[in-house]
Amino acid sequence: MTSAVEDMAVKATKGRIYPWDFDRKGKLPVWTLLNRMEYLGSSQRLFFKADNDNKDIKQAIASLKQAMAYEMRFVRCQSVQFSPAFSELMEFPGRAIRVEAKVIFVGKTSWVYETKILDRTTERELATRHVQTVNIDKKTRRPKPLPDWVMERYSHLTSRPRPTTVQPFDLSDAEPAFVYPVTVAPSDIDANMHTNQSQYARYCFNCAATGAKKGAYSIISGDLLDYDVISVDLLYQKESREGESLCVESWEDTKEPDTLKFQVKRGEDNILQCKMRFRIPSVPDIEKAKL
């Protein structure tokens, strides 16, 4: 791990993509990748430990686990872009990957970090993820300022221009093309006792997959697994919890028909907004995928 004074890149985090990670078409689902990137990129938490200078990684991780008992952090938003190599190389189960995490901005209550996933064999970049994480008061579950020592240690990042993050879009005047009901399952809940960030991508993808089969969209139709995901943006607006009934509303982007927008709601409460962009395959590509 490099020091915070350098570029805070984590280059030693390694993993593999296994056969059971893939869907029936041999593709890696978005939510699986998000979950894997969250886990493999979790070493970014070590940047925000007062004993970050500890060179013993085992001691640092033990200290991190102790801190998690009273600290809480929520993902406010994240954006993932998939390179062409992702669809090409992720067809091979057992693929060895490396995750590099780098904090790129520190604000008053949140920070933004970048995570890249690379193929360890070819060193080709597969996907890039930008995440804004918020420091949370565990009692109020509201944002709280980062500790003074964080602001001092990372002062060189507080003066940088704030990176562009996912912003809300207005769908108040649009009628959804398709609506999909979801009940939050016990397995969807994470350590913060709310729906894990990756599960919302699954809710939205399942909404689109069902809508595509029912002919709800003009361009995207049939089997959604015939379409590669190019990018996904997620904006978390409120929490949801086990057993709650959610409604996923979906729209086609009028300017970009290869893009679907989603609003996850709980009654009148907006829980999450999502935007997914797909690669529209040619007819020969679809016929090949059926073989």
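Here are a few worked exercises on the predicted model above.

Some ground rules before starting: residues are numbered from 1 along each chain as its sequence is written. Because the model is predicted, local features need pLDDT of at least 70 and side-chain atom pairs count only at pLDDT 80 or more, while totals for chains, interfaces and linings use all residues; side-chain values use heavy atoms, with hydrogens and water left out.

**Exercise 1. Get an overview of the chain.**

Task: Find how many helices and strands the protein chain has, and what share of its residues is buried.

Solution: 
- Step 1. Go through the secondary structure, taking helices (H or I, at least four residues) and strands (E, at least two) as DSSP runs numbered from the N terminus. You end up with seven helices and ten strands.
- Step 2. Sort residues by relative accessible area: buried is under 20%, exposed is over 50%, and partly exposed is in between (1.4 Å probe, protein chains only). Of the 291 residues, 49% are buried.
- Step 3. The chain exposes about 14800 Å², and carbon and sulfur atoms supply 51% of that.
- Step 4. Check the contacts, meaning heavy atoms within 4.5 Å. Among those between residues at least 6 apart in sequence, 70% join residues at least 24 apart.

**Exercise 2. Work out the surroundings of strand 4.**

Task: Which strands pair with strand 4, and in what sense?

Solution: 
- Step 1. Apply the pairing rule: DSSP has to find at least two bridges between two strands.
- Step 2. On one side, strand 3 (residues 95-106) pairs with strand 4 in the antiparallel sense over nine bridges. Phe 105 has Val 112 of strand 4 as its bridge partner, and the two strands form a hairpin with three residues between them.
- Step 3. Strand 5 also runs antiparallel to strand 4, joined to it by nine bridges. Here Tyr 113 has Val 131 in strand 5 as its bridge partner.
- Step 4. Now inspect the turn: the hairpin of strand 4 and strand 5 has five residues between the strands, and Glu 123 takes a positive phi near 65° there.
- Step 5. Finally, see how covered strand 4 is. Nine of its ten residues are buried.

**Exercise 3. Track down salt bridges.**

Task: How many salt bridges are there, and which residue is the partner of Glu 88?

Solution: 
- Step 1. Glu 88 bridges to Arg 124, with the closest N and O atoms 3.3 Å apart. That links helix 3 (residues 84-89) to the loop between strand 4 (110-119) and strand 5 (125-136), across 36 residues. Both ends are partly exposed: Glu 88 at 41% and Arg 124 at 34%.
- Step 2. Lys 116 and Glu 125 make another pair, with closest N and O atoms 3.5 Å apart. Lys 116 is partly exposed at 25%, and so is Glu 125 at 34%.
- Step 3. Arg 279 and Asp 228 meet at 3.3 Å, N to O. Arg 279 lies in strand 10 (residues 269-279) and Asp 228 in strand 7 (residues 228-236), so this bridge ties together parts 51 residues apart in sequence. Arg 279 is partly exposed at 36%, whereas Asp 228 is buried at 14%.

**Exercise 4. Dig into the nonpolar cores.**

Task: Which residues touch the most other members of the largest nonpolar core?

Solution: 
- Step 1. In soluble globular proteins, nonpolar side chains tend to be buried together.
- Step 2. The largest core has 51 residues, and Phe 82, Ile 117, Phe 262, Met 276 and Phe 278 touch the most other members. Helix 6 gives the largest share, nine residues.
- Step 3. Zoom in on Phe 262: leaving aside neighbours within four places in sequence, its contacts include Phe 169, Cys 204, Trp 251 and Met 276.
- Step 4. A second, separate core has nine residues, including Val 103, Val 131, Leu 146 and Tyr 154.

Key: A salt bridge is a side-chain nitrogen of Lys or Arg within 4 Å of a carboxyl oxygen of Asp or Glu. Accessible areas come from the Shrake-Rupley method with a 1.4 Å probe; for residues, only the protein chains shown count as cover. A nonpolar core is a set of buried Ala, Val, Leu, Ile, Met, Phe, Trp, Tyr and Cys residues joined through side-chain atoms within 4.5 Å.
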